[in-house]
Amino acid sequence: MTIDHSALAHNIHTIAQWVKPAQVMAVVKADGYGHGAVEVAQTAIAAGATWLGTAHITEALRLREAGITAPLLAWLHTINTPFQAAIEHNIDIGVSGPELEAVAEAAGNADLPARVHLKIDTGLSRNGAVPEIWDDLCKRASELQQAGTLRVVGVFTHFANADDPEGDADVDAQLSLYHESVEIARKHGLTVDVRHVANSPALLSRPDTHLDMVRAGVAIYGLSPFPDRTAQDLGLRPVMSFGTTVANNKPADVGTGVSYGYAYRCELPTRLALIPAGYADGVPRTAVGAPVWIQGKFYRVAGTIAMDQFVVDLQTERNDVTTAPVGAEVELFGEKSGISSDAWALAAGTINYELVTRIGCRVPRVHKQWV
């Protein structure tokens with residue numbers, strides 16, 4: 001797998017130009033959507049992002065251990081989340097309500113004030129405080145701020161349907177509730193320096209959501225969040241290319257069954273190429289018929305994708321040993337083939353976000369540096 005940092009830097013710069021004067025948070029959770037969190041974070045900051053975002057504090061701590069000092073927010077917690085370590089390493093903490101007292105206790109133990117972003121659930125029904133408790137949450141946060149235990153840096157939310165071409169009404173409703181929530185926070189004496197609501201689809205399609213900062217996730221990796229617009233349409237460049245080499249090439253007769261369950265049988269005498277990547281590497285088991293590029297030619301996955309490998313019917317002469325020989329270059333999606341991760345997502349019945357994020361740790365990442 002190759003990670004193209006020139007493409008990453010291009011995407012960061014493009015997004016920064018779209019949303020200025022708003023700041024850009026580069027979201028590098030889930031190991032940078034499978035691209036490598038530390039490497040992505042370093043390029044993102046160099047290319048113009050001013051913040052970084054992760055889901056878990058443990059992810060944020062790894063960035064700090066790598067020497068990354070940029071402002072950093074983590075927002076998804078459990079009862080075992082190391083809040084004190086976050087405070088000691090200058091990591092901002094997203095708070096949805098239940099964890100506020102635990103954060104305050106950790107701040108006391110660290111003898112340092114916690115930096116907090118309060119999250120309001122405006123309609124996604126996941127993380128965030130529901131409107132019924134928002135006033136009480138802001139009141140308590142204000143008391144803790146006055147006591148010097150924490151400082152409320154920002155207020156944020158997350159959209160449910162910003163990637164839906166018909167979702168504007170939902171975005172409008174969530175945005176309206178968000179603005180009301182900010183005013184409640186201010187009523188309690190919270191300054192709310194950083195207002196942030198826009199994810200990738202919102203920052204690309206709704207300038208009214210840019211506010212003080214946008215949280216750019218899938219867009220920085222050159223992937224479109226929209227079903228009706230490609231990355232190229234948006235001026236973005238895919239960052240990840242996923243490939244390998246042919247592991248085996250052998251003849252097959254008419255009727256030969258391929259892989260588990262014989263979901264595919266050869267219709268003519270042919271040769272079969274074995275590709276050493278499977279669902280343990282993040283290749284979706286359901287992506288039967290997905291496109292594959294081998295040494296300049298295009299093929300399709302034949303039969304069931306296994307844990308470590310899948311098969312391609314080369315549809316060539318049975319004695320042809322020159323087509324896709326062992327060691328021939330293979331690309332599932334990427335720059336050389338021009339195949340998009342969207343094509344694999346379509347074959348698997350999922351989204352491009354999942355395709356890149358699920359690529360496993362045994363697939364080596366080669367980072368092509370930004371020049």
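Let's start with strand β5, residues 92-95, in this predicted model. D92 and G94 point one way from the strand, I93 and V95 point the other way, and all are buried.

Together, β4, helix α5 (residues 83-88) and β5 make a right-handed β-α-β unit. From β5 the chain then crosses through helix α6, residues 100-110, to β6, and this β-α-β crossover is right-handed. Strand β6, residues 114-119, runs parallel to β5, and three bridges join them. Here the pair to click on is G94 with H117, its bridge partner in β6.

Now let's move to helix α3, residues 37-47. Its buried residues are A37, V40, A41, T43, A44 and A47. Among the elements covering the buried residues of α3 are α1 (5-19), β2 (23-27) and α4 (57-65). After the helix comes G48, with a positive phi near 130°.

A few backbone details for those of you who like checking torsions. The peptide bond from K20 to P21 is cis, with omega near 10°, and P21 sits in the loop between α1 and β2. Then we have two residues other than glycine with positive phi. S125, at about 65°, is in the loop between β6 and α7. Q295, near 50°, is in the loop between β15 (291-294) and β16 (297-302). Are they buried or exposed? S125 counts as exposed because its relative accessibility is 60%, over the 50% cut-off. Q295 is at 47%, so it is partly exposed.

Last stop, the second largest pocket, with about 260 Å³ of space. It is lined by 16 residues, and the closest to its centre are K250, V258, S259, L274 and V311. Elements giving two or more residues to this lining are β11 (248-252), β12 (257-258), β14 (270-275) and β17 (310-313). The largest share, four residues, comes from β11.

Note on methods: Residues numbered from 1 in each chain as written. Predicted model: local features only at pLDDT ≥ 70, side-chain atom pairs only at ≥ 80, totals over all residues. Heavy atoms only, no water. Buried < 20%, exposed > 50% of the residue type's maximum accessible area, 1.4 Å probe, protein only. Right-handed = clockwise from strand over helix to strand, strands pointing away. Pairing = 2+ DSSP bridges. 1 Å grid on protein atoms, 1.4 Å probe; cavity = no way out; pocket = protein on both sides within 12 Å on 5 of 7 lines; lining within 4 Å. Points joined across faces, edges and corners; volume = space filled by probe spheres on them. Contact = heavy atoms within 4.5 Å.
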